[in-house]
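Me: Could you walk me through this structure? I would like to begin with the strands.

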Amino acid sequence: MKQAWKQDSNPALSDSQLIELSDKIAQSAKYKQLCKATILDIVRKEARRAGTKAELEGRVREKLHRVAALYLEKQRSAKLKKLLLEVSESGDSVLIEKACREILATHASTAERLGELEQTYQKLWKITGVPASILDLAAAFHPFGFRWMGLDPAKTKYFAYDINADFVELLRSYFELDKLNAKAIFRDVLVDPPQESADVAFFLKMYHCLENREAGSVLPWLEKLNVDHIIISLPRASLGKSERSVGLRYIEELRQYATLRGLPLSEEFSPDEHFLVLKLANKHS
Ligand SMILES: C[S@@+](CC[C@H](N)C(=O)[O-])C[C@H]1O[C@@H](n2cnc3c(N)ncnc32)[C@H](O)[C@@H]1O
């Protein structure tokens with residue numbers, strides 16, 4: 001593995017220098033809750049493009065700021081943790097539901113989905129069948145919508161992955177509180193694709209983010225997943241004009257990918273989201 005990146009990387013910087021830089025950034029206040037594998041991956045990839053160590057650090061910080069900083073505010077997580085603790089002590093189902101909606105509303109991706117939460121999942125399960133196991137890739141707060149998914153909490157296996165340690169901790173508290181058969185995993189899904197198999201994987205509002213991090217990374221990565229269906233979505237409402245045309249390019253890319261591989265692709269819309277459901281043949285048996 002090391003060999004592969006070394007060939008491409010800047011020969012002026014050794015592996016241990018790259019690890020050192022990655023550790024330095026990981027210890028900074030801004031990135032301390034971010035998965036170390038994400039930082040090291042970005043350092044290694046940017047090392048191929050940078051001439052000097054200083055230039056590399058600048059490039060890495062700029063990229064990290066674009067791909068991760070937006071999700072790393074400490075204050076929000078602390079407030080939500082307190083809210084979860086309060087409703088957990090009350091044990092009141094109405095309050096738990098209210099808190100889940102409140103948490104969903106604090107993140108742009110899930111806030112946009114709130115209007116048609118139940119209907120959206122019903123439409124998706126019509127395509128995939130009601131799943132008994134789910135991988136939620138780059139989940140953020142999406143699992144807080146579990147109560148609206150129409151799934152059996154004890155029987156549905158749910159794995160949620162995120163690179164933000166605070167989000168993972170919040171998800172763990174929620175899974176425990178609602179007694180879900182679920183695990184929140186602190187992992188960069190691009191660097192370490194999940195090995196767990198499942199009926200359905202959610203990859204919601206992330207396609208453009210991963211492509212922004214590393215162009216051309218998503219399609220080869222899809223092949224590594226052990227799932228029957230992958231539900232990919234692109235935001236409709238929150239994108240600016242130029243982002244919207246990039247979104248359309250990814251949609252076209254996915255359609256061509258499905259055609260070339262002979263994989264069934266269904267499309268579904270909500271007012272704010274364009275879903276593409278790809279059936280990955282013979283993946284999960
Ligand atoms: C745009 S939000 C997506 C939210 C969620 N999928 C949804 O639509 O409700 C991005 C989330 O993905 C996480 N993330 C970004 N890159 C990731 C990666 N490579 N592996 C795992 N999580 C990632 C971020 O920490 C953040 O919580």
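Reply: Strand β6 (residues 265-270) and strand β7 (residues 273-279) pair in the antiparallel sense over 6 bridges. Two strands count as paired if DSSP finds at least two bridges between them. Helices (H or I, at least four residues) and strands (E, at least two) are DSSP runs, numbered from the N terminus.

Me: What is the origin of the model, and how are residues numbered?

Reply: This is a predicted model, in which local features need pLDDT of at least 70 and side-chain atom pairs count only at pLDDT 80 or more, while totals for chains, interfaces and linings use all residues. Residues are numbered from 1 along each chain as its sequence is written.

Me: Back to the strands: which residue is the bridge partner of S270 in β7?

Reply: S270 has E273 as its bridge partner. Together β6 and β7 form a hairpin, with 2 residues between them.

Me: In what order do the strands of the open sheet run?

Reply: The order is β3-β2-β1-β4-β5-β7-β6, giving an open sheet of 7 strands with mixed pairing. β3 (182-186) and β6 stand at the edges with a single partner strand each, so one side of each has no neighbour in the sheet. From one strand to the next, the twist averages 20°.

Me: In what sense do β2 and β3 pair?

Reply: Their pairing is parallel, over 5 bridges. Within it, F159 stands opposite K183 in β3.

Me: Which strands does α8 touch?

Reply: Helix α8 (residues 117-128) packs on the sheet and touches β4 (197-204), β5 (226-235), β6 and β7. Its direction makes about 170° with that of β6. Here, axes are lines fitted to C-alpha atoms, for helices over the stretch in contact, and angles run from 0 to 180 degrees between N-to-C directions. Two residues are in contact if their C-beta atoms, placed from the backbone, lie within 7 Å.

Me: And where does α9 lie?

Reply: α9 lies across β2 and β3, and runs at about 170° to β3.

Me: How do the axes of α5 and α9 cross?

Reply: The axes of helix α5 (residues 74-90) and helix α9 (residues 165-177) come within 10 Å and cross at roughly 10°. That makes α5 roughly parallel to α9, a term for angles under 35 degrees. The contact is made by K74, S77, L80, K81, L84 and S88 of α5, together with D166, F167, L170, S173, Y174 and L177 of α9.

Me: Changing topic: how is the chain divided into domains?

Reply: There are domain 1 (2-71) and domain 2 (74-279), with bounds from an automatic or database domain assignment. Their contact takes 12 residues from domain 1 and 14 residues from domain 2. On the side of domain 1 that touches domain 2, α3 (36-47) and α4 (53-67) are the elements that give two or more residues. The largest share of that side, 4 residues, comes from α3.

Me: Finally, which residues are closest to the ligand?

Reply: The closest are S109, A138, A140, H142 and L204, among 19 residues that surround the ligand; a residue is near a molecule if its C-beta atom, placed from the backbone, lies within 6 Å of it. α7 (108-111) and β2 (157-162) are the elements that give two or more residues to this shell.

How values were computed. Angles under 35 degrees count as roughly parallel, over 145 as roughly antiparallel, 65 to 115 as roughly perpendicular and the rest as oblique.
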